[in-house]
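Please open the structure in your viewer and display it as a cartoon.

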Amino acid sequence: MATNNAIGIDIGGTNLRVALVSEKGKILNRIRVPSQGNILTNVTSLVDRLINDKTAGIGIAIAGIIDKGKGSVVISPNLPSAEDLNLADIIGRKYSLPTYMLNDANAAALGEKSAGKGKDLESFILLTLGTGIGGGIIFRHELMDVPAEIGHMTIVPEGRECDCGNHGCLEEYAAAKALINMATSAIENGTKSSLGLCCEGNIYKITPELIYKHAMNGDMLARDILKTAGKYLGIAIANLANIFYPSAFILAGGLSNAWNIYVEEAIREADKRAMPGLFDKDTVFRSEIYEDAGLIGVALYSLFT
Ligand SMILES: [Zn+2]
């Protein structure tokens, strides 16, 4: 007899991904399309293609602050069109299934707990390192029901303005957008770098992947940028270690691929700053299921909540 399954929906700034997930956390089928046009129409057309008679729940993961009671997004800096849309409510009624909405990094933390690096860990903090920085905290084997907006931790008083309205947020100094800003403004100000010759001379096309590649090839500016960003990330990790003393940190997202330099610098900095005994540099892991963690986590959440 086939067991139950659930639909996981991940609404990202770039891609909309929908998957059918088994109750054991295995992805059975999936579709990915670019995030454009009407969110609701796109989501339902993909769900229609995957749902079957064993589907017992639907979970929606999205960046932003979620009102779980209403099943809607309160603030979504990357997807303002999703704000105040009671998506979980509308979809739940359409398919007559329990439907929940979770912050994407919270969902990814749950996915890591059920099917990833966090499986056997009592506690860990997941950081998604991409355009911005998201967080999810597993404590005593459960997801902490808190926003965990770690990317908006103030790291530089009077620092750069963030989309959230605050100044000096971590993600303005340690996420992809920060790396790109640092590279373009240094080159504009005359710093010599092999990055200045990339992208057919259009420095506004520099990506974090390129910065990493040039750094690994010995470009000093690219190296400095990754080290600076890594240092800020390390300050945040030290703060989190001091507060939560988690069994591990799990790093996910595109920037976690820049392990040498960026993450290593973060680990060094955290080790220097955390209180003695509260941070172990051998407990920082890279996610192995990042692309799927949010989909799996939010799908299972809809089955077991
Ligand atoms: Zn912010």
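The stops that follow move from the domains to a strand and then to a helix.

**The two domains.** Please bear in mind that this is a predicted model. Select residues 5–110 together with 291–304 for domain 1, and residues 119–288 for domain 2. The C-alpha centres of these two domains lie 26 Å apart. Twelve residues from domain 1 and 15 residues from domain 2 make up the contact between them. On the side of domain 1 that touches domain 2, helix H3 supplies the largest share, six residues. That side of domain 1 consists of eight nonpolar residues, three polar and one charged.

**Strand S7.** Next, select residues 99–103, which form strand S7. Five of its five residues are buried, so S7 is largely enclosed by the rest of the structure. Show the side chains: Thr 99, Met 101 and Asn 103 point one way, while Tyr 100 and Leu 102 point the other way. In a regular strand, side chains alternate between the two faces of the sheet.

**Helix H3.** Finally, select residues 104–115, the twelve residues of helix H3. From first C-alpha to last, H3 reaches 16 Å, close to the 16 Å expected at 1.5 Å a residue. Is H3 largely enclosed or largely exposed? Eleven of its twelve residues are buried, so H3 is largely enclosed by the rest of the structure. Among the buried residues are Asp 104, Asn 106, Leu 110, Glu 112 and Lys 113.

Key:
Residues numbered from 1 in each chain as written. Predicted model: local features only at pLDDT ≥ 70, side-chain atom pairs only at ≥ 80, totals over all residues. Helix = DSSP H or I, 4+ residues; strand = E, 2+ residues; numbered from the N terminus. Expected span 1.5 Å × (residues − 1). Buried ≥ 20, exposed ≤ 12 C-beta atoms within 10 Å, placed from the backbone. Domains from an automatic or database assignment. Contact = placed C-beta atoms within 7 Å. Nonpolar A, V, L, I, M, F, W, Y, C, P; charged D, E, K, R; others polar.
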